[in-house]
Amino acid sequence: MTVNGIQNYQHFSRNFYSNEIIYKIIEKRVVDSHELKDLLINAEIKDLNLLAAFLRNRQENKVVTYSRKVFINLINLCKDSCSYCTYKKEPTNHEAVMLNPSQAIAIAKLGRKARCTEALIVTGERPETRYSEAKRWLTLLGHRNLSELLADLSEKIVSQTGMLPHTNAGSLTKKEMSMLRSTNASLGMMLENSSYRLTEKGQAHEKAPSKNPKVRLRSLISAGELNFPITTGLLVGIDESFSEIIESLLLINDVNKKYGHIQEVIMQNFIPKKGTMMEYAKSPSYPYFLRCIAAARIILQDISLQVPPNLSPNVYSNYLDAGINDWGGISPITPDHVNPESPWPTIENVGVVTREKGFVLRARLPVYPKYIINSELSGKFVHKDLKDYIEPLIDKYGLVKEEFINNEY
Ligand SMILES: O=c1nc2n(C[C@H](O)[C@H](O)[C@H](O)CO)c3cc(O)ccc3cc-2c(=O)[nH]1
Ligand SMILES: C[C@H]1O[C@@H](n2cnc3c(N)ncnc32)[C@H](O)[C@@H]1O
Ligand code: SF4
């Protein structure tokens, strides 16, 4: 049996090489999910990495991307309580944040000066439904709910700074998403995991109704119905099983097969935080996390695969061996408000590490190149109101123009 390009992969173990399922995967033929699971669970990680790297290389042409972003922490009150989260604050906490639009726009302007292109707007889940402080903040700004503010703020950011908004406000309804469609280049919402077990008593999502897989799946589908490019992902190491990781990845892939709007999947490793229910839980082990990443690349052949470098400062370059092609948003000026104890490496450092592994590091926009350069996809997935903002930023590959990154203006 021979498959184009696979001749270069003679380093596979003999029994892996002779397993017919890998040829089915490579040729994108239908594979039985039990057989696939069996392979991903039992194969040596070295073999999975080789297969994952092969699949990435034939797609991505040795370019690894990142997005120059600023992180706008709009409101960190939240109606839910995930047992791993320290982002959420009580209104009485001195770290509670409710920004004015002018403060948010000021951060976006700084980003533009630092040659960033993405304004990542993050919020807690429907804070106004739980906290009178949040409701009052919205009322004073003239809004009835958070989505109205998000729509208004996103419009101001893009028109006043040219930065492209990418909002992660957790699960949103289709109507709420439609309010963001003309101003956000894409949305963010982590599936986290599709397992209902994790919503049971004592589990990470027990006190987070918005993390019910049904609610998150509904949001992913709504984005699909709106042709809204979306970034989603899994939080790895929250007491899920590897089987549940595979099932979550298969679900994401199924949704994307139907709508084609899932631009990217983030595999994010859980970091234990002081003062949370999961303070004493362990981060996922390195071999387990690597297996999860390789599994993601093998299942999600048409979707970009990101792992954030700041959550694995000493080993992140090795994730390139497991098939990733993106480092996600990296901010030269703002902290990671969800994982503030994990500062981003400098973009220069990420560049060095990426080149050492034989790749070229390039900046991308918060909407992926494939939706920009392919005119059919572009007509469908890029809102007409954003075209004039996107056009001057990109080169013929849909990546950020080198001169844009290298020149001050
Ligand atoms: O591409 C995205 N990456 C998101 N990421 C990944 C991000 O780019 C970083 O790599 C991580 O912040 C690393 O902790 C988030 C990470 C967080 O910790 C918290 C929020 C987000 C939200 C997004 C998001 O909406 N879109
Ligand atoms: C915005 C995203 O941040 C992630 N997130 C929340 N808490 C943690 C943590 N302790 N470690 C790593 N990632 C976390 C979740 O996946 C959420 O969806
Ligand atoms: S992870 Fe998001 S939904 Fe969960 S508690 Fe934190 S802010 Fe709220």
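Reader: Which residues does UniProt list for "domain: Radical SAM core"?
Author: The unreviewed entry lists residues 64-310. UniProt positions are given here in the numbering used for this chain, feature names are shortened, and annotations may be inferred rather than shown by experiment. This is a predicted model: local features need pLDDT of at least 70, side-chain atom pairs count only at pLDDT 80 or more, and totals for chains, interfaces and linings use all residues. Residues are numbered from 1 along each chain as its sequence is written, and chains are lettered from A and ligands numbered from 1 in the order in which they are written.

Reader: How far apart are the end C-alpha atoms of that span, and how much is helix?
Author: The ends of 64-310 lie 16 Å apart. The span is 36% helix and 18% strand. Helices (H or I, at least four residues) and strands (E, at least two) are DSSP runs, numbered from the N terminus.

Reader: And the chain as a whole, how many helices and strands?
Author: The chain comes to 16 helices and 9 strands. Its radius of gyration is 21 Å, close to the 22 Å that the globule rule gives for 409 residues, so the chain is as compact as a globular protein of that length. That radius is taken over C-alpha atoms, and the rule is 2.2 Å times the number of residues to the power 0.38. The C-alpha trace spans about 65 × 50 × 40 Å along its principal axes.

Reader: What share of the residues count as buried?
Author: 45% of the 409 residues. Buried means 20 or more other C-beta atoms within 10 Å of the residue's own, exposed means 12 or fewer, and partly exposed is in between, with C-beta atoms placed from the backbone.

Reader: Which domains does the assignment give?
Author: Domain 1 (6-60) and domain 2 (64-364). The bounds come from an automatic or database domain assignment. Their C-alpha centres lie 29 Å apart.

Reader: How many residues of each are in contact?
Author: 15 residues of domain 1 are in contact with 16 of domain 2. Contact means C-beta atoms, placed from the backbone, within 7 Å.

Reader: Which element gives the most on the domain 1 side?
Author: H4, with 9 residues. The elements giving two or more residues to that side are helix H3 (33-42) and helix H4 (45-60). By class, the domain 1 side has 9 nonpolar, 2 polar and 4 charged residues. Ala, Val, Leu, Ile, Met, Phe, Trp, Tyr, Cys and Pro count as nonpolar, Asp, Glu, Lys and Arg as charged, and the others, Gly among them, as polar.

Reader: On to ligands. What surrounds ligand 3?
Author: Cys78, Asp80, Ser81, Cys82, Cys85, Tyr87, Lys88, Gly124, Glu125, Gly170, Ala208 and Ser210. A residue is near a molecule if its C-beta atom, placed from the backbone, lies within 6 Å of it. That shell divides into 5 nonpolar, 4 polar and 3 charged residues.

Reader: Ligand 1, which residues come nearest?
Author: Asn168, Gly188, Pro308, Gly329 and Val338, out of 16 around ligand 1. Strands E2 (118-123), E3 (164-168) and E8 (326-330) are the elements that give two or more residues to this shell. The shell has 6 nonpolar, 9 polar and 1 charged residues.

Reader: New topic. Valine 70, buried or exposed?
Author: Valine 70 is buried, because 26 C-beta neighbours lie inside 10 Å. Its place is in strand E1.
Author: Glutamate 279 is in the loop between strand E6 (262-269) and helix H11 (286-299). Glutamate 279 is exposed, because 12 other C-beta atoms lie within 10 Å. Beyond four places in sequence, glutamate 279 is in contact with Pro272, Lys273 and Lys274.

Reader: What is phi of lysine 62?
Author: Near 65°, a positive value in a residue other than glycine. Most residues other than glycine have a negative phi. Lysine 62 is found in the loop between H4 and strand E1 (63-75).

Notes. Contact = placed C-beta atoms within 7 Å.
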